[in-house]
Amino acid sequence: MDKKTQDLVNQGIMLPLMEEFYTIQGEGAHTGTAAYFIRVGGCDVGCHWCDVKESWNADLHPPTYADTIVKNITKHANTVVITGGEPLMWSMDYLTELLQKNKIKTHIETSGAYSFSGKWDWFCLSPKKTKLPLEEVYKEANELKMIIHNKSDFEFAEAQAQKVNEECQLFLQPEWSRKEKMTALIVDYVMKNPKWKISLQTHKYLNIP
């Protein structure tokens, strides 16, 4: 990558775009709603169960102008979900300002492991044990989505729930490869602890992106 391009990426004017697609949000508070997804390359959080490991190396994904990304979104949807990878590795200020000028609602899904940037209508925080969120990020969360891979993850989820604001919606989601075992445990846990809700990866059941 030449210096000019790198400078534009550093400013968030260009972003390493892995893929973009229009689909139905399958998880969390906005399950079942139409949204345009932007998957940004680059992540060093290192979840062993990640189902998009091809997103981890940002160098594999071409720097794309944010203006071009926004033009594509406006053809299809009034809501965009920025995901990754880990989108907060990059400045989201330029992209989200442009989106909101175009009356596009801005949603993000992030581990919170990098500094907060961007203007968000909905902030979904999904902390990971391998690289915890920065303290500054917790207060921004509208939604806390905890992935349950084993029984110890319930304790981790409760610890993370103590750090978000009181209005934040709390979700427990079974890790897909262990969904048969973990879903039953989550159902029981939510019934005993009704501050939590269940999130399922409904897009995988529907066989859509």
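**View 1. Strand β7 and helix α5 at the second largest pocket.** β7 and α5 (152-161) each contribute at least two residues to the lining of the second largest pocket. The model shown here, as in every view below, is a predicted one. The second largest pocket has a volume of about 210 Å³. It is lined by 14 residues, and H48, W49, K129, H149 and D153 are the closest to its centre. Sorted by class, this lining comprises six nonpolar, five polar and three charged residues.

**View 2. The largest pocket and the residues at its centre.** The volume of the largest pocket is about 790 Å³. Its lining consists of 39 residues, and those nearest the centre are E27, R39, D51, V52 and E109.

**View 3. Secondary-structure elements around the largest pocket.** At least two lining residues of the largest pocket come from each of the strands β1 (14-24), β2 (34-40), β5 (105-110), β7 (143-148) and β8 (169-174). The helix α7 (202-206) likewise supplies at least two. The greatest contribution to the lining of the largest pocket is that of β1, with three residues.

**View 4. The buried strand β7.** Six of the six residues of β7 are buried, so this strand is largely enclosed by the rest of the structure. Buried here denotes under 20% relative accessible area. E143, K145 and I147 point one way from β7, whereas L144, M146 and I148 point the other way. The residues of both sets are buried.

**View 5. Strand β7 and its partners β6 and β8.** Strand β6 (residues 122-125) is joined to β7 by two bridges, and the two strands run parallel. Within this pairing, L125 has L144 in β7 as its bridge partner. The pairing of β7 with β8 is also in the parallel sense and extends over six bridges. In β8, F171 stands opposite K145.

**View 6. The β-α-β unit formed by β7, α5 and β8.** Strand β7, helix α5 and strand β8 together make a right-handed β-α-β unit.

How values were computed
Residues are numbered from 1 along each chain as its sequence is written. This is a predicted model: local features need pLDDT of at least 70, side-chain atom pairs count only at pLDDT 80 or more; totals for chains, interfaces and linings use all residues. Side-chain values use heavy atoms; hydrogens and water are left out. On a 1 Å grid over the protein atoms alone, a cavity is a set of points where a 1.4 Å probe fits but cannot get out, and a pocket is an open set with protein on both sides within 12 Å along at least five of seven lines; lining residues have an atom within 4 Å of a point. Grid points are joined across faces, edges and corners, and a volume is the space filled by probe spheres set on the points. Helices (H or I, at least four residues) and strands (E, at least two) are DSSP runs, numbered from the N terminus. Ala, Val, Leu, Ile, Met, Phe, Trp, Tyr, Cys and Pro count as nonpolar, Asp, Glu, Lys and Arg as charged, and the others, Gly among them, as polar. Buried means under 20% relative accessible area, exposed over 50%, partly exposed in between (1.4 Å probe, protein chains only). Two strands pair if DSSP finds at least two bridges between them. A crossover is right-handed if, with the strands pointing away from the viewer, the path from the first strand over the helix to the second runs clockwise.
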